[in-house]
Amino acid sequence: AIADRSPLVRQDVFVHPRTGERPHYAVLTSVDNLNESASDEVLAQYAEAFHDALCTANGEYADKCASLRLGKPSVVVVEKRDIESLHRKFRADHVGDDQYKPGVLRREHDLDQGMQIVRQAHAGA
């Protein structure tokens, strides 16, 4: 399973679509969520494993990637404060903190826009 090979300490991530020349999904996480083995190569391998898992689970995704309508995923690492800011933003939509469930898969595009990207790795790189 992808979690077994994860360079992440916790599964505290947001997966969101990124727009641009080659739209793709990004796994957004914070720098403090990386373990010691999280080299750029390991992050790229994680993105590739994420891509493979998505292809297996969703034939439409696999078809869009095969036809180059979608690019392969990336892992985007930002500062902890940026992830905390997203949690605060999404938490504001709920009644109380105890009812907040962040949800990994987000519909909002380009969640990382305006954030300081510390590291980034792409599947297949």
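Which residues is Ser-74 in contact with, leaving aside its neighbours within four places in sequence?

## Ser-74 and its surroundings

Let us start with the answer. Ser-74 is in contact (heavy atoms within 4.5 Å) with Arg-18, His-24, Tyr-25, Ala-26, Val-27, Ala-47, Gln-120, Ala-121 and His-122, leaving aside its neighbours within four places in sequence. Ser-74 has its place in strand β3; strands (E, at least two residues) and helices (H or I, at least four) are DSSP runs, numbered from the N terminus. Ser-74 counts as buried, at 0% relative accessibility; buried means under 20% relative accessible area, exposed over 50%, and partly exposed in between, with a 1.4 Å probe and protein chains only.

The side chain of Ser-74 also makes a polar contact of 3.1 Å with the side chain of His-24. Such a contact is a pair of N or O atoms within 3.5 Å; within protein, one must be able to donate a hydrogen and the other to accept it, and residues adjacent in sequence count only if both atoms are side-chain atoms. Ser-74 and His-122 are 48 residues apart in sequence, yet their C-alpha atoms are 4.1 Å apart in space.

## About the model

This is a predicted model, in which local features need pLDDT of at least 70 and side-chain atom pairs count only at pLDDT 80 or more, while totals for chains, interfaces and linings use all residues. Residues are numbered from 1 along each chain as its sequence is written, and side-chain values use heavy atoms, with hydrogens and water left out.

## The nonpolar cores

A nonpolar core is a set of buried Ala, Val, Leu, Ile, Met, Phe, Trp, Tyr and Cys residues joined through side-chain atoms within 4.5 Å. The largest one here has 15 residues, and those with the most contacts inside it are Val-27, Leu-34, Leu-43 and Val-75. Helix α1 gives the largest share of this core, 5 residues. Apart from this core lies another, of 10 residues, including Ala-26, Val-78, Leu-86 and Leu-111.

Val-75 deserves a look of its own. Neighbours within four places in sequence aside, Val-75 is in contact with Val-27, Leu-43, Tyr-46, Ala-47, Arg-119, Gln-120 and Ala-121.

## Two residues in one loop

Asp-112 lies in the loop between α3 (80-91) and β4 (117-122), and Arg-106 lies in the loop between α3 and β4 too. Asp-112 is buried, with a relative accessible area of 4%. Its side chain is joined to that of Arg-18 by a polar contact of 2.8 Å. Not counting residues up to four places away in sequence, Asp-112 touches His-16, Arg-18, Leu-28, Val-76 and Ile-117.

Arg-106 counts as buried at 16% relative accessibility. The side chains of Arg-106 and Glu-108 make a polar contact of 3.1 Å. With residues up to four places away in sequence not counted, Arg-106 touches Phe-14, Val-15, His-16, Pro-17, Phe-90 and Leu-111.

## Glu-48 in helix α1

Glu-48 is found in helix α1. Setting aside residues up to four places away in sequence, Glu-48 touches Lys-72, Ala-123 and Gly-124. Glu-48 and His-122 are 74 residues apart in sequence and 7.7 Å apart in space, C-alpha to C-alpha.
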